[in-house]
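Keep the viewer open and follow the points in order.

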Amino acid sequence: MRRSLSMPRTLASLAALAAASAVCAAAAPVTSYSADPGQSRLQFTGVQAGAVFTGGFHKFTAAIDFAPDALAGAHIDVQIDLNSVDSMDKDRDTTIRGADVFDVAHWPAAHYVTSSVTKTAAGYSAVGALTLHGVTKDVPIDFRFTQTATGAKLDGSANLKRLDFGVGQGDWKSTEWVADAVKISFSLVLKPKT
């Protein structure tokens, strides 16, 4: 005569199976990528004297660990050479690099590193610490991750306030001529690390 499983035993088996699945999901491997500098872009948009302008950085590195089914292991680390700023205006670029804005003589680089990544309806959201002008603050980013035949692509944006980081001293501290709000946008073409 076949013995039926008791309810407590069945529930215990299901709980053990769920726990094992959770462990496997958490241990799922991520792929390590680096951004292709020739095909990737990192830009910012601001407002000066009521007119919108866009600039970018020619030199930056991005190291990405990511897999859509292993977000616990996801990690984004970006280093930016602030000397490489280009806003399509030489006089403005000189001011941006100067002591009253980025002050690249003292703080030549910016650094962004994530602490968590979560899934959203539109893609993914990450919380990360941005260190800029000697100040570190959390800045959330929203992004989309797309796998390609040769690697992946990561596109997204963030919003920040420049004065939160002390970017703008002297006459440039006023928001009368330069708005406080800055939008960051990025499109990174990712190659798997070998």
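1. Start with Leu-190, which sits in strand S11, the stretch covering residues 181-192. Bear in mind that you are looking at a predicted model. Is Leu-190 buried or exposed? Its relative accessible area is 0%, and buried means under 20%, so Leu-190 counts as buried.

2. What does Leu-190 touch, leaving out residues up to four places away in sequence? Its contacts include Tyr-33, Ser-34, Ala-35, Ile-64 and Phe-145. Thr-150, Gly-151, Ala-152 and Leu-154 are on the list too. Pick out Leu-154 in particular: 36 residues separate it from Leu-190 along the chain, yet their C-alpha atoms are 7.4 Å apart.

3. Next, the largest nonpolar core, which has 43 residues. Phe-102 and Phe-143 are the members that touch the most others. S11 turns up again here, giving the core its largest share, 5 residues.

4. Phe-143 is worth a click of its own. Setting aside residues up to four places away in sequence, Phe-143 touches Phe-66, Ile-76, Val-117 and Leu-154, among others. Also among its contacts is a run made up of Gly-123, Tyr-124, Ser-125 and Ala-126. Phe-186 is another one of them. Notice that Leu-154 is also a contact of Leu-190.

5. Now the strand pairing. S11 runs antiparallel to S2, and 5 bridges join them; Arg-41 is placed opposite Ser-187 of S11. S2 also pairs with S3, again antiparallel, through 6 bridges. Within S3, Gly-55 is the bridge partner of Phe-44.

6. Look at the turn between S2 and S3 as well. The hairpin leaves 2 residues between its strands, and Ala-49 there has a positive phi near 50 degrees.

7. On to helix H2, residues 90-97. Which of its residues are buried? They are Arg-92, Asp-93 and Ile-96. These residues lie on the same side of H2, because they span an arc of only 100 degrees around the axis. As background, an α-helix has 3.6 residues a turn, so residues three or four places apart point the same way.

8. What lies over that buried side? Part of the cover for the buried residues of H2 comes from strands S2 (41-48), S3 (51-57) and S6 (85-86). On the face turned away from the buried side you'll find Lys-90, Asp-91 and Thr-94, which are exposed.

9. Last, check where H2 begins. A side-chain oxygen of Asp-89 comes within 3.1 Å of the backbone nitrogen of Asp-91.

Note on methods:
Residues numbered from 1 in each chain as written. Predicted model: local features only at pLDDT ≥ 70, side-chain atom pairs only at ≥ 80, totals over all residues. Heavy atoms only, no water. Helix = DSSP H or I, 4+ residues; strand = E, 2+ residues; numbered from the N terminus. Buried < 20%, exposed > 50% of the residue type's maximum accessible area, 1.4 Å probe, protein only. Contact = heavy atoms within 4.5 Å. Arc of directions from axis to C-beta. Polar contact = N/O pair within 3.5 Å; in protein donor to acceptor, adjacent residues only side chain to side chain. Core = buried A, V, L, I, M, F, W, Y, C linked by side-chain atoms within 4.5 Å. Pairing = 2+ DSSP bridges.
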